[in-house]
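Notebook open, structure loaded. I want to go through the charged pairs and then the helix packing.

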Amino acid sequence: MFDSFPDILSVTDIMNALNIGRNKAYELLKQNRIKSIRIGNAYRIPKCALIEFVYRTVSA
């Protein structure tokens, strides 16, 4: 499903993967619904965290 994405994703990557806008992506990250790492002002998201979010959302 996410094979074409790198192991570490940017906000733009999750926007494309989930087909959501920038505001929604940042909302999910700030609410810690998608686990992420902050490096300076930039969010970095492990691909496994995105997959985990999708599975939680689909099964809810």
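Predicted model: local features only at pLDDT ≥ 70, side-chain atom pairs only at ≥ 80, totals over all residues.

I started with Lys 35, which comes out partly exposed at a relative accessible area of 47%. My cut-offs are buried under 20% relative accessible area, exposed over 50%, and partly exposed in between, with a 1.4 Å probe and protein chains only. Residues are numbered from 1 along each chain as its sequence is written, and side-chain values use heavy atoms, with hydrogens and water left out.

Which side chain does Lys 35 meet in a salt bridge? I found Glu 52, at 3.4 Å from N to O. I count a salt bridge when a side-chain nitrogen of Lys or Arg is within 4 Å of a carboxyl oxygen of Asp or Glu. This pair links distant parts of the chain, with Lys 35 in the loop between α2 (22–30) and β2 (37–39) and Glu 52 in helix α3, 17 residues apart. My element names are DSSP runs numbered from the N terminus: helices are H or I with at least four residues, strands are E with at least two. Glu 52 is partly exposed too, at 33% relative accessibility.

Glu 52 also meets Arg 56 in a salt bridge, 2.9 Å from N to O. Both of these lie in helix α3, four residues apart, about one turn of the helix. Arg 56 has a relative accessible area of 39%, so I noted it as partly exposed.

I then looked at Arg 33, in the loop between α2 and β2. Arg 33 is partly exposed at 37% relative accessibility. Its C-alpha is 9.8 Å from that of Glu 52, 19 residues apart along the chain. Leaving aside neighbours within four places in sequence, Arg 33 is in contact (heavy atoms within 4.5 Å) with Leu 28, Phe 53 and Arg 56.

**Entry: Asp 7 and Lys 47**

How many salt bridges does the structure hold? I get four. One of them joins the side chains of Asp 7 and Lys 47, at 3.8 Å from N to O. Asp 7 sits in the segment before β1 (8–9) and Lys 47 in helix α3, so this pair ties together parts that are 40 residues apart in sequence.

**Entry: Asp 13, without a partner**

Asp 13 is in helix α1. I found it buried yet without a salt bridge, and the nearest side chain of opposite charge, Arg 44, is 7.1 Å away. For charge I took Lys and Arg as positive and Asp and Glu as negative, with His and the chain ends not counted. Not counting residues up to four places away in sequence, Asp 13 touches Phe 5, Pro 6 and Ile 8.

**Entry: α1 and its packing**

The buried residues of α1 are Val 11, Asp 13, Ile 14 and Met 15. They pack against β1, α2, β3 (42–46) and α3.

I checked α1 (residues 11–18) against α3 (residues 47–59): their axes come within 12 Å and cross at roughly 35 degrees. The axes are lines fitted to C-alpha atoms, for helices over the stretch in contact, and angles run from 0 to 180 degrees between N-to-C directions. Ile 14, Ala 17 and Leu 18 of α1 make the contact with Leu 50, Phe 53 and Val 54 of α3. By class I have six nonpolar, no polar and no charged, where Ala, Val, Leu, Ile, Met, Phe, Trp, Tyr, Cys and Pro count as nonpolar, Asp, Glu, Lys and Arg as charged, and the others, Gly among them, as polar.

**Entry: positive phi**

Just after α1, Asn 19 takes a positive phi of about 55 degrees, although it is not a glycine. Asn 19 lies in the loop between α1 and α2 and is exposed, at 71%.

Asn 32 is not a glycine either, and I read a positive phi of about 60 degrees for it. Asn 32 is in the loop between α2 and β2 and counts as exposed at 52% relative accessibility.
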